Amino acid sequence: DTSVTGVQTCALPIWLSENEVKRLVDTINESDNKKVVLLNCLSAYPAPLNEFNFRRIARIEKEYNILSGLSDHSTDSYAALISIAFGAKVIEKHVTLTESDNIADKSFSMSILEFEKYCKLIREAEESLHSDSFESQESEQSNLILKRSIVASENIKTGDVFSKDNITIKRPNIGLEPHFYDFMLGRVANYNYQKGEGISKKEI
């Protein structure tokens, strides 16, 4: 199929052998049209989730340097969301315009309302993959106070030595990070602390 964008898609049924896939890719590479997407396709109607072999999506792009996606004959959104996680760039889905449509693919087609939700979930899935950073996210900021930190378990005066008897690790997050605990043991306090007060980052 060639859409109005000129991008050609080819669905790969489960029964294609690896050699057949390679021959198909060679044919694509020899053609003038380089705007091609290979779709992972399970030719079962409806298609069971556990037989999709989703890892093929990433493999197609890695081995053949061609964009990959999913031809989705399932009855819900799970196949599409899993495919997005494996790098799918195009999702093909059957849609019925009305409940009264008498069409051969109705058993695995979505209504317009279902398709709207389907697309929304796909966009949210794409957005969730935007970064591999370990930095805390905006929604987590209000909960950072719930993390543990190093606090005074007894009153501490300037010049006292930090020990297991006067500092501990507990919630809330009002002092040094827990991984500094062993580092602090045996060091001299530069500030006064009341019991329950967080140990200042200035101590390090």
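Which residues does Ser107 touch, not counting residues up to four places away in sequence? Ser107 touches Tyr45, Pro46 and Thr75, where contact means heavy atoms within 4.5 Å. Ser107 itself lies in the loop between strand S4 (90-93) and helix H4 (112-128), helices (H or I, at least four residues) and strands (E, at least two) being DSSP runs numbered from the N terminus.

This is a predicted model, in which local features need pLDDT of at least 70 and side-chain atom pairs count only at pLDDT 80 or more, while totals for chains, interfaces and linings use all residues. Residues are numbered from 1 along each chain as its sequence is written, and side-chain values use heavy atoms, with hydrogens and water left out.

**The chain as a whole**

The protein chain has 5 helices and 6 strands, and from the N terminus on its elements run β-α-β-α-β-α-β-α-β-β-α. The radius of gyration of the protein chain is 28 Å, well over the 17 Å that the globule rule gives for 204 residues, so the chain is more spread out than a compact globule; the radius is taken over C-alpha atoms, and the rule is 2.2 Å times the number of residues to the power 0.38. Along the principal axes, the C-alpha atoms fill a box of roughly 80 × 45 × 30 Å. Of the 204 residues, 30% count as buried, that is, under 20% relative accessible area, whereas exposed means over 50% and partly exposed lies in between (1.4 Å probe, protein chains only). Among contacts between residues at least 6 apart in sequence, 57% join residues at least 24 apart.

**Separations along the chain and in space**

Two pairs of residues are set out here by C-alpha atoms.

| Pair | Separation in sequence | C-alpha to C-alpha |
|---|---|---|
| Ala85 and Leu24 | 61 residues | 25 Å |
| Ser107 and Tyr191 | 84 residues | 71 Å |

Ala85 has its place in helix H3 (residues 78-85) and is exposed, with a relative accessible area of 53%.

**Asn166**

Asn166 is found in the loop between strand S5 (149-152) and strand S6 (167-170), and at 10% relative accessibility this residue counts as buried. Leaving aside neighbours within four places in sequence, Asn166 is in contact with Val151, Ala152, Ser153, Glu154, Ile156 and Val161.
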